[in-house]
Amino acid sequence: MAGTSSGEALLRSELAPRELWARVALIVALCAGCGFLASGLYDYTHASRPEGLAANLSLAVGAALVPTTLALLVPLRARSRDRRRLIELYGVPSGAGRAEGGLRGRRSGWLAMSVLALTFAFVFLAAGLGQALSSDPYEEPDPTVYGTMLAWAVILTAAGCAGIARSRRYRARPGVVTGTYEAGAGTYGAGAGTYGTGTGAYGAGTPDGAGRTTTPPSPRAALYARLGGQPAAPHRLSPRLDARIQRLSRSAALALGTSAALFGCALAGATMLVPRYVGGGRPLFWVLLSLTGLYLFALLLELTHYGPRRPYLLLVLFAGIALLPVVGVGYSTSVLLERGAWVDVEVTAEKHHAKGGPTCELRSLSPRVVPADTALSIGCDGAEVGDTFRVYADPRGEAGPRRSSPSSLASFFVGWGAASTVLVGGAVGAALHGHRRRTELGLTGPGLTAREGER
């Protein structure tokens, strides 16, 4: 049992808090380095910003932080890869005993930090896409600002996905001893067979040197080996539905994945259009947007369960997140197209921000068009307190004012179409990969029973 003990020690080292906090510090430093670089570039590309010591210092700090953190992350990843190879060689203990209980807290720490990283990634992605898709010609999107936000979103998404994978990898299962160095002549457990005793490839299994019974790894476990365990999915609430999905043919799996992704795209489009043509206003918009987000999250879980391949899942994740700000921009544009009107306004206050130009608080001078107590704000663009000018505003205040009237929803349809194409492509790829892997492992076909599918 020396092999399993070594595997347990390696696994504890892999999930050690020092490994977690070292990566957290490096990821934060990498994001900070990108921010410093963007700050320096922003100062040099905007005439109103100083180009003195502060700009040079930002560029110097950013240029030092980014390569340094990347250089430190590379050996950490190499050591982790070597440990994983040794863990797969020695194996980990079976069951949910003291060993797994001691690792549960470490797994929870990795999972919590990964979820936090993905949450911040969603916030930065939504903010970056919201600014990049802005259609106001008087407030052109700033590439250094939204580019930095999108870079942060990519970094945090990669870190979060890697952390979740690490927290779920090598989770012990009752009665299953993994690894190559185990008692007996077999590859896994005692006996002459490939997996335990018996003449077949999956023998019945016998007690090992410590008196535990080794059972052969299930075919479904091999499907989710990289995830560390079978992921959750809504359809698993019904065992009959789960078994039916496992028996899907290639064409049925492809049709189901495509139709599910297309329904999510249609739901996103309806979130923008329905409140405009049916009524309901912003409350209905937020209800539909919440339903769209929940459905896309459920779709991601289903695709992760059926076709667990990271490139396709990342495409689905990014496309699903991108659809939400695209819908928000499309809704505000549609509101202005429906009932927007030109109104004279007066600047009542000016607010300055750390990055970007100042924004001006406005008061309507045409109460018959827009009530005077309606909250309005817009980029100052050189305006000062007391100045008056005209903006195109929504009388109900549900959409922000603009200096020009929108002409069409072309930008929304372009963004919606691009995100929908990526979403459907990722869903199709995950469905095809999942069916191919299930065919290789013998998990498809009309003869598969529910009990066999659970294995």
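Trainee: What makes α10 roughly antiparallel to α11?

Mentor: In this predicted model, α10 and helix α11 (residues 410–440) pack at about 155°, with axes 8 Å apart. Axes are lines fitted to C-alpha atoms over the stretch in contact, and angles run from 0 to 180 degrees between N-to-C directions. Angles over 145 count as roughly antiparallel, so α10 is roughly antiparallel to α11.

Trainee: Which residues of α10 and α11 make the contact?

Mentor: Contact means heavy atoms within 4.5 Å. Among them are Y312, L315 and V316 of α10, and F412, G415 and W416 of α11. By class, the contact has 15 nonpolar, seven polar and no charged residues. Gly counts as polar; Asp, Glu, Lys and Arg count as charged; Ala, Val, Leu, Ile, Met, Phe, Trp, Tyr, Cys and Pro count as nonpolar.

Trainee: Why is α10 called mostly covered?

Mentor: Buried means under 20% relative accessible area, with a 1.4 Å probe and protein chains only. In α10, 21 of its 30 residues are buried.

Trainee: How do you know that the reach of α10 is close to the expected one?

Mentor: The expected span is 1.5 Å times one less than the number of residues. Helix α10 (residues 310–339) reaches 44 Å from its first C-alpha to its last, against 44 Å expected.

Trainee: Why does R83 count as buried?

Mentor: R83 has 12% relative accessibility, so it counts as buried. R83 lies in helix α3 (residues 53–90).

Mentor: Residues are numbered from 1 along each chain. Local features need pLDDT of at least 70, side-chain atom pairs count only at 80 or more, totals for chains, interfaces and linings use all residues, and side-chain values use heavy atoms, without hydrogens and water.

Definitions and conventions. Helix = DSSP H or I, 4+ residues; strand = E, 2+ residues; numbered from the N terminus. Buried < 20%, exposed > 50% of the residue type's maximum accessible area, 1.4 Å probe, protein only. Parallel < 35°, antiparallel > 145°, perpendicular 65-115°, else oblique.
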